[in-house]
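Open the model in your viewer and get ready to select residues by number. We will go stop by stop.

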Amino acid sequence: MPVRWIWLPRQHGVAAEAQARGWLATQLELSADAVPLYRDDGRRPWLGAPLAARDINWSHSGEGLLVALGETGLRVGADLEWRRPRPRAMALARRWFTATENAWLDSMADEQAREQAFLRLWCAKEAVLKAHGRGIAFGLDRLSFSDGPHGLRLVECHPELGRPDAWSLAEIAPAPGYLGTLAWRRSES
(Lines give C-alpha, C1' and ligand atoms only; values in the text may rest on other atoms or scores of the structure.)
Protein backbone atom coordinates (compact mmCIF):
# COMPACT_ATOMS: atom_id res chain seq x y z
CA MET A 1 0.00 0.00 0.00
CA PRO A 2 1.43 3.41 -0.91
CA VAL A 3 0.23 4.88 2.40
CA ARG A 4 1.87 4.21 5.76
CA TRP A 5 -0.33 4.60 8.80
CA ILE A 6 -0.44 4.11 12.54
CA TRP A 7 -3.10 4.06 15.21
CA LEU A 8 -1.97 5.68 18.44
CA PRO A 9 -3.74 5.93 21.78
CA ARG A 10 -4.41 9.61 22.46
CA GLN A 11 -2.13 11.10 25.08
CA HIS A 12 -4.21 13.24 27.42
CA GLY A 13 -3.06 16.84 27.38
CA VAL A 14 -1.14 16.37 24.09
CA ALA A 15 -2.59 17.79 20.87
CA ALA A 16 -3.22 15.34 18.04
CA GLU A 17 -0.89 17.41 15.86
CA ALA A 18 1.97 16.98 18.31
CA GLN A 19 1.43 13.21 18.40
CA ALA A 20 1.21 13.09 14.60
CA ARG A 21 4.39 15.14 14.33
CA GLY A 22 6.22 12.66 16.55
CA TRP A 23 5.28 9.67 14.39
CA LEU A 24 5.97 11.57 11.17
CA ALA A 25 9.43 12.47 12.48
CA THR A 26 10.31 8.79 12.88
CA GLN A 27 8.94 7.94 9.43
CA LEU A 28 10.76 10.83 7.77
CA GLU A 29 13.94 10.34 9.80
CA LEU A 30 13.87 13.86 11.20
CA SER A 31 13.58 15.39 14.63
CA ALA A 32 10.03 16.37 15.55
CA ASP A 33 11.00 20.07 15.40
CA ALA A 34 12.38 19.62 11.87
CA VAL A 35 9.15 18.23 10.37
CA PRO A 36 7.92 21.06 8.10
CA LEU A 37 4.27 20.74 9.16
CA TYR A 38 1.79 23.47 8.28
CA ARG A 39 -1.98 23.99 7.97
CA ASP A 40 -3.87 25.59 5.10
CA ASP A 41 -6.77 28.02 5.52
CA GLY A 42 -9.14 25.07 5.91
CA ARG A 43 -6.89 23.62 8.66
CA ARG A 44 -5.76 20.70 6.45
CA PRO A 45 -2.22 19.64 7.37
CA TRP A 46 0.54 19.62 4.75
CA LEU A 47 4.28 19.21 4.55
CA GLY A 48 6.51 22.03 3.34
CA ALA A 49 9.82 21.89 1.50
CA PRO A 50 11.76 19.72 1.08
CA LEU A 51 8.91 17.22 1.68
CA ALA A 52 6.15 19.07 -0.19
CA ALA A 53 5.66 16.16 -2.64
CA ARG A 54 4.52 13.95 0.27
CA ASP A 55 1.10 14.23 1.89
CA ILE A 56 -0.20 13.61 5.38
CA ASN A 57 -3.51 13.44 7.17
CA TRP A 58 -4.86 12.34 10.51
CA SER A 59 -8.10 11.78 12.35
CA HIS A 60 -8.99 11.22 15.96
CA SER A 61 -12.02 9.71 17.60
CA GLY A 62 -12.62 8.43 21.10
CA GLU A 63 -9.22 7.66 22.59
CA GLY A 64 -7.53 6.97 19.25
CA LEU A 65 -5.52 8.81 16.62
CA LEU A 66 -4.99 7.57 13.05
CA VAL A 67 -2.06 9.18 11.20
CA ALA A 68 -1.33 8.60 7.49
CA LEU A 69 1.69 9.43 5.33
CA GLY A 70 1.44 9.06 1.56
CA GLU A 71 4.25 8.25 -0.84
CA THR A 72 5.57 10.99 -3.10
CA GLY A 73 2.90 12.29 -5.47
CA LEU A 74 -0.16 11.11 -3.53
CA ARG A 75 -2.98 13.03 -1.88
CA VAL A 76 -4.08 11.14 1.22
CA GLY A 77 -7.03 11.35 3.59
CA ALA A 78 -7.77 9.45 6.78
CA ASP A 79 -10.85 9.04 8.91
CA LEU A 80 -11.17 7.20 12.20
CA GLU A 81 -14.39 6.46 14.02
CA TRP A 82 -14.89 4.93 17.42
CA ARG A 83 -17.66 2.33 17.34
CA ARG A 84 -20.39 3.55 19.65
CA PRO A 85 -24.16 3.85 19.47
CA ARG A 86 -25.25 6.43 16.92
CA PRO A 87 -29.00 6.84 17.35
CA ARG A 88 -29.16 9.52 14.63
CA ALA A 89 -27.12 7.59 12.06
CA MET A 90 -30.00 6.81 9.71
CA ALA A 91 -31.34 10.37 9.95
CA LEU A 92 -27.90 11.62 8.93
CA ALA A 93 -27.81 9.11 6.09
CA ARG A 94 -31.22 10.27 4.82
CA ARG A 95 -30.02 13.87 4.85
CA TRP A 96 -26.47 13.51 3.51
CA PHE A 97 -26.01 10.19 1.68
CA THR A 98 -27.09 9.45 -1.88
CA ALA A 99 -30.31 7.63 -2.76
CA THR A 100 -28.30 4.57 -3.86
CA GLU A 101 -26.41 4.47 -0.57
CA ASN A 102 -29.64 4.83 1.41
CA ALA A 103 -31.22 2.00 -0.58
CA TRP A 104 -28.21 -0.19 0.28
CA LEU A 105 -28.57 0.67 3.98
CA ASP A 106 -32.34 0.02 3.84
CA SER A 107 -31.74 -3.40 2.29
CA MET A 108 -30.13 -4.61 5.51
CA ALA A 109 -32.55 -6.33 7.84
CA ASP A 110 -30.09 -6.42 10.74
CA GLU A 111 -29.71 -3.12 12.62
CA GLN A 112 -26.10 -3.85 13.60
CA ALA A 113 -25.16 -4.54 9.99
CA ARG A 114 -26.88 -1.31 8.92
CA GLU A 115 -25.02 0.71 11.58
CA GLN A 116 -21.71 -0.89 10.53
CA ALA A 117 -22.42 -0.07 6.88
CA PHE A 118 -23.30 3.52 7.81
CA LEU A 119 -19.99 3.88 9.63
CA ARG A 120 -18.07 2.40 6.69
CA LEU A 121 -19.72 4.88 4.32
CA TRP A 122 -19.09 7.79 6.67
CA CYS A 123 -15.40 6.93 7.00
CA ALA A 124 -14.99 6.51 3.24
CA LYS A 125 -16.69 9.79 2.45
CA GLU A 126 -14.74 11.71 5.05
CA ALA A 127 -11.40 10.19 4.03
CA VAL A 128 -11.88 11.15 0.36
CA LEU A 129 -13.09 14.63 1.25
CA LYS A 130 -10.18 15.18 3.64
CA ALA A 131 -7.75 14.10 0.90
CA HIS A 132 -9.46 16.53 -1.45
CA GLY A 133 -8.84 19.26 1.07
CA ARG A 134 -12.29 20.60 1.84
CA GLY A 135 -13.57 18.00 4.29
CA ILE A 136 -17.24 17.26 4.83
CA ALA A 137 -18.12 20.92 4.18
CA PHE A 138 -17.70 20.05 0.48
CA GLY A 139 -20.79 17.82 0.75
CA LEU A 140 -21.24 14.19 1.72
CA ASP A 141 -23.86 13.87 -1.03
CA ARG A 142 -21.35 14.84 -3.75
CA LEU A 143 -19.81 11.38 -3.83
CA SER A 144 -21.31 7.91 -3.87
CA PHE A 145 -19.89 4.52 -2.95
CA SER A 146 -20.89 0.94 -3.63
CA ASP A 147 -19.87 -2.19 -1.78
CA GLY A 148 -18.24 -5.12 -3.51
CA PRO A 149 -16.03 -8.11 -2.85
CA HIS A 150 -13.03 -5.84 -2.17
CA GLY A 151 -14.90 -3.36 0.02
CA LEU A 152 -16.25 0.08 -0.73
CA ARG A 153 -15.29 1.87 -3.91
CA LEU A 154 -16.08 5.34 -5.18
CA VAL A 155 -18.48 5.08 -8.14
CA GLU A 156 -19.69 8.67 -8.64
CA CYS A 157 -18.37 12.05 -7.55
CA HIS A 158 -18.41 15.76 -8.24
CA PRO A 159 -15.93 16.69 -11.01
CA GLU A 160 -13.77 18.65 -8.51
CA LEU A 161 -12.90 15.30 -6.92
CA GLY A 162 -11.59 13.92 -10.22
CA ARG A 163 -12.48 10.57 -11.74
CA PRO A 164 -13.98 8.05 -9.29
CA ASP A 165 -11.64 5.32 -10.55
CA ALA A 166 -8.60 7.46 -9.67
CA TRP A 167 -9.34 6.97 -5.97
CA SER A 168 -8.12 4.02 -3.89
CA LEU A 169 -9.51 3.07 -0.49
CA ALA A 170 -8.34 0.87 2.33
CA GLU A 171 -10.88 0.08 5.03
CA ILE A 172 -9.07 -0.73 8.26
CA ALA A 173 -9.83 -1.83 11.81
CA PRO A 174 -6.77 -0.20 13.41
CA ALA A 175 -7.64 -1.14 17.01
CA PRO A 176 -10.45 -2.96 18.83
CA GLY A 177 -13.58 -0.82 18.75
CA TYR A 178 -12.39 1.42 15.89
CA LEU A 179 -13.04 1.60 12.17
CA GLY A 180 -11.07 3.69 9.71
CA THR A 181 -10.55 4.42 6.05
CA LEU A 182 -7.55 5.64 4.14
CA ALA A 183 -8.19 7.26 0.74
CA TRP A 184 -5.62 8.33 -1.82
CA ARG A 185 -5.08 9.35 -5.42
CA ARG A 186 -2.27 10.77 -7.50
CA SER A 187 -1.79 14.51 -6.98
CA GLU A 188 -2.80 16.79 -9.80
CA SER A 189 0.23 18.59 -11.22
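**Stop 1: a helix on a sheet**

Select helix α1, residues 16-28: the helix lies across β1, β4 and β5 and runs at about 40° to β5. Helices (H or I, at least four residues) and strands (E, at least two) are DSSP runs, numbered from the N terminus. Contact means heavy atoms within 4.5 Å. Axes are lines fitted to C-alpha atoms, for helices over the stretch in contact, and angles run from 0 to 180 degrees between N-to-C directions.

A word on the model: it is predicted, local features need pLDDT of at least 70, side-chain atom pairs count only at pLDDT 80 or more, and totals for chains, interfaces and linings use all residues. Residues are numbered from 1 along each chain as its sequence is written, and side-chain values use heavy atoms, leaving out hydrogens and water.

Now select the strands. They form an open sheet of 3 strands in the order β1-β5-β4, with antiparallel pairing. Two strands pair if DSSP finds at least two bridges between them.

Zoom in on β1 and β5 (residues 64-70), which pair over 7 bridges. Trp-7 stands opposite Leu-66 in β5.

**Stop 2: an aromatic cluster**

Select Phe-97, Phe-118 and Trp-122; ring pairs link them into a cluster. Rings of Phe, Tyr and Trp (its six-membered ring) pair if their centres lie within 6.5 Å; planes under 30 degrees apart count as stacked, over 60 as edge-to-face and the rest as tilted. The count by this rule is 5 aromatic pairs. The Phe-97 and Trp-122 rings have centres 6.5 Å apart and planes at 40°, so this pair is tilted. Phe-97 is in the loop between α2 (89-96) and α3 (99-106), and Trp-122 is in helix α4 (residues 111-132), so the pair ties together parts 25 residues apart in sequence.

Phe-118 and Trp-122 are also a tilted pair, 6.0 Å centre to centre with 35° between the planes. Both lie in α4, 4 residues apart, about one turn of the helix.

Is Phe-118 buried or exposed? At 3% relative accessibility, Phe-118 counts as buried (under 20% relative accessible area; exposed is over 50%, partly exposed in between; 1.4 Å probe, protein chains only).

**Stop 3: a hairpin**

Finish at β7 (residues 143-148) and β8 (residues 151-157), antiparallel strands joined by 6 bridges. A hairpin connects β7 to β8 through 2 residues.
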